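Here is a friendly briefing to read alongside the coordinates.

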Amino acid sequence: MACRLHLMVLIFSCVYLICVSSQQETRFVYNGFNQADLFIDGISKILPGGLLQLTNTTELEKGHAFFKQPFDFGPSSSLSFYTHFVCSLGPPKLGADGGHGIAFVVSPSMNLSYAFPSQYLGVFNSTTNGASSSHLLAIELDTVENVELHDLDKPHVGIDVNNPISVESSLPFYFSNALRKNISLNLMSGEPIQVWVDYDGSLLNVTLAPLEILKPNRPLISRAINLSEVFQDKMYVGFAASTGGWTSNQYILGWSFSGSKELLQTLDLSKLPQVPLPKKEKKKLPLLVVGLVVSLVIPVLMVLGGVYWYNRNKFAEVREPWEKEYGPHRFSYKSLYKATNGFGNDCRIGKGGFGEVYKGILPVGRHIAVKRQSHDVEQGMKQFVAEVVTMGNLQHRNLVPLLGYCRRKGELLLVSEYMPNGSLDQYLFHDQNPSPSWFQRISIFKDIASALSYLHTGAKQVVLHRDIKASNVMLDSEFNGRLGDFGMAKFHDHGANLSATAAVGTIGYMAPELITMGTSTKTDVYAFGAFLLEVTCGRRPVEPELPAVKQYLVKWVFECWKQGSLLETRDPRLRGEFSFEEVEMVLKLGLLCTNAMPESRPGMGQVVQYLNRDLPLPDFSPSAPGIGAFMPVSMEASSAIGVPSLRNSSISLFVTHTILDGHGR
Ligand SMILES: *[C@@H]1O[C@H](CO)[C@@H](O)[C@H](O)[C@H]1NC(C)=O
Ligand SMILES: *[C@@H]1O[C@H](CO)[C@@H](O)[C@H](O)[C@H]1NC(C)=O
Ligand SMILES: *[C@@H]1O[C@H](CO)[C@@H](O)[C@H](O)[C@H]1NC(C)=O
Ligand SMILES: *[C@@H]1O[C@H](CO)[C@@H](O)[C@H](O)[C@H]1NC(C)=O
Ligand SMILES: *[C@@H]1O[C@H](CO)[C@@H](O)[C@H](O)[C@H]1NC(C)=O
Ligand SMILES: *[C@@H]1O[C@H](CO)[C@@H](O)[C@H](O)[C@H]1NC(C)=O
């Protein structure tokens, strides 16, 4: 009896165990798939966070995940099943189209390797379409319309039996229990979506809802289906998903399944893994705005930058540390640019091989002349600027005040006071201007002699002018003669040879010893002599067009003197009254200063005295040595040492000086 009892207990226990185990077999729940033992193929995989990724965004791929144990839908069992899962379908970018969808599948085999991706969702292929032998049930969340499959034209939910053409389908929405209305759902938001599929053996319900919503009271689809012919005795449950030309990251977050409604376990939504959401529209909008702003701002910035850069370049200067001490003499290019109306043509008062001269007005109302000259070399610049500044410090009423300078790349600008009446040669040689009277000429001689005397003896250092001629004699508003400042002759000998011995000047004014001995106060005296003759005779020292006897002024005046017709050489345009005696004295002084022998020339101090009649001219005859011996410095020789050739003298506003450190005195 005890034995039978024991046997009964044993049998009961076995039956109980079998029952429990079979109950365990007919249901499962996965809140994330970390520990899940699923059959997985294709590109499906379980991600480290427990997320079941059915597909990523690789095109034309498919993947499956099946619960490994089959369920018994045999004649002795019920055909019913209940499932609840959470999925997420996210296109690469929100708002973009994604594809192709996922399906909950009940299949006689886990091996769906024959199935096609794209619209076949990895469940069907083109030959199994509609074949009852496939024994397939799929609940599809299809995100791509397919005309071929008579799909709805938007993402939709459908029931497929052996066929990708759904027996029933609907646009996705859910019935809100609270609001008692249907609310549409976006299948491709990437947000988790809950799906319930309930089949009681005759009616198949499909229900959708967002994650935070309780199961709606009304299903999305409710369809009477007899699946007894579709289901085989053993059926596997799982998921299929595919991509095509459209792709999505398609995930299952959690899944509960049971053969009976009562045994279906609830998903613990709080334990579901997180889904990487596609880039949000909120982020896209600022991006769009940023893009718009950037696309607007960049051109503006570029224009502003361009203007800035243009201005920077336009007003760029060269400044070196050694120039600091010359600060007061340094002009900014911008100020000169403004003063001369942007170096406009209307401000240009001279133009020549040396550069251009502009007149301008500084903001303080001072009238200036700006000489722009290009140069190639920086060599010698420091010494040159030092000289410019020294010139600027010279104070004499018969010098054109040099105000300062400005340096730019390859360019030097010299600023001096503007002389409203221009240069003397314009009155001597241009018929449209009135010819100066003798009184004007003699006072200009006195002015220039006084200025030269100051340069030679009056200033702290000996300063050589080196280029005295009518075109470098400027006339101020009262018609006073003023020796113009810097001629760039020296500078234009490429700044290389700035020594006092550099031979520069203008042919006809250059002393014969200049080539061999270089400049000295005596070469300035020679040039002054030539200038005296030039202004008195109203012709240039060298005029190649004239007959040979008249070509060289010094020689011609000398010859005329010898022949007793000295006064005949005077300027025929000379207006008004003049004293023969004074003209004769000046012509003789001119010859005295142009003596071929430097030691026989007077000093500038003496010249001033002669002109002022404080001293009588020394008595000398045409036979005196060196007188009238004009030896023109040949063009070849002069150009060989970089002497500027005869040039249109009216452009030279400034005259070259050279500072001799003591020995020239
Ligand atoms: C998708 O997954 C497959 C298989 O893991 C991999 O080879 C492929 O690079 C992945 N594609 C993307 C876009 O991540
Ligand atoms: C799936 O079935 C195909 C034949 O249709 C076969 O070649 C393949 O080996 C099967 N795969 C598995 C994992 O059983
Ligand atoms: C479709 O799948 C079946 C197996 O169910 C297979 O026999 C058939 O060859 C497949 N058709 C194509 C076109 O791959
Ligand atoms: C909601 O959709 C169902 C179809 O599933 C329809 O029968 C019902 O009338 C709709 N309800 C409302 C409030 O629109
Ligand atoms: C399907 O939904 C209907 C209501 O639309 C309900 O009466 C029926 O019980 C549901 N069936 C299952 C299996 O949930
Ligand atoms: C389903 O169809 C089978 C035969 O195909 C039939 O025996 C069964 O009664 C049907 N079930 C229902 C609920 O109609």
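The side chain of Asn 595 comes within 3.1 Å of the backbone oxygen of Pro 625. Keep in mind as you look that this is a predicted model. Asn 595 sits in the loop that links α12 (580-593) to α13 (604-611).

**Around Asn 595**

- Is Asn 595 buried or exposed? Asn 595 is buried, and its relative accessible area is 3%.
- That value falls under the 20% cut-off for relative accessible area, so Asn 595 counts as buried.
- Setting aside neighbours within four places in sequence, Asn 595 has contacts with Tyr 526, Ser 600, Arg 601, Pro 625, Gly 626 and Ile 627.

**Phe 257 in its strand**

- Phe 257 belongs to strand β18, which covers residues 249-258.
- The relative accessible area of Phe 257 is 0%, so this residue is buried.
- Which residues does Phe 257 touch, not counting those up to four places away in sequence? They are Thr 26, Arg 27, Phe 28, Phe 71, Phe 81, Tyr 82, Thr 83, Phe 104, Val 237 and Leu 264.

- β22 pairs with strand β23 (residues 411-417) in the antiparallel sense, and 6 bridges connect the two.
- Within this pairing, Leu 402 is placed opposite Ser 416 of β23.
- How many residues lie between the strands of the hairpin? There are 2 residues between β22 and β23, and Gly 410 adopts a positive phi near 70 degrees in this hairpin.

**Ligand 3**

- The residues that surround ligand 3 are Tyr 114, Phe 116, Asn 125, Ser 126, Thr 127 and Thr 128.
- Sorted by class, this shell contains 2 nonpolar and 4 polar residues, with no charged residues.
- Asn 125 places a polar side-chain atom 2.4 Å from an oxygen atom of ligand 3.
- Ligand 3 taken alone exposes 360 Å², of which the protein buries 47%.

**Ligand 6**

- Asn 226, Ser 228 and Glu 229 are the residues around ligand 6.
- A polar side-chain atom of Ser 228 is 3.2 Å from an oxygen atom of ligand 6.
- Glu 229 also has a polar side-chain atom at 3.0 Å from an oxygen atom of ligand 6.
- How much of the area that ligand 6 exposes when taken alone does the protein bury? The protein buries 32% of the 360 Å².

**The protein chain overall**

- The secondary structure of the chain consists of 14 helices and 27 strands.
- The chain has 665 residues, and 52% of them count as buried.
- Of the contacts between residues at least 6 apart in sequence, 69% join residues at least 24 apart.
- The chain exposes about 30,600 Å², and carbon and sulfur atoms supply 56% of that area.

Notes. Residues are numbered from 1 along each chain as its sequence is written. Chains are lettered from A and ligands numbered from 1 in the order in which they are written. This is a predicted model: local features need pLDDT of at least 70, side-chain atom pairs count only at pLDDT 80 or more; totals for chains, interfaces and linings use all residues. Side-chain values use heavy atoms; hydrogens and water are left out. A residue is near a molecule or strand if one of its heavy atoms lies within 4 Å of it. A polar contact is a pair of N or O atoms within 3.5 Å; within protein, one must be able to donate a hydrogen and the other to accept it, and residues adjacent in sequence count only if both atoms are side-chain atoms. Accessible areas come from the Shrake-Rupley method with a 1.4 Å probe; for residues, only the protein chains shown count as cover. Ala, Val, Leu, Ile, Met, Phe, Trp, Tyr, Cys and Pro count as nonpolar, Asp, Glu, Lys and Arg as charged, and the others, Gly among them, as polar. Helices (H or I, at least four residues) and strands (E, at least two) are DSSP runs, numbered from the N terminus. Buried means under 20% relative accessible area, exposed over 50%, partly exposed in between (1.4 Å probe, protein chains only). Contact means heavy atoms within 4.5 Å. Two strands pair if DSSP finds at least two bridges between them.
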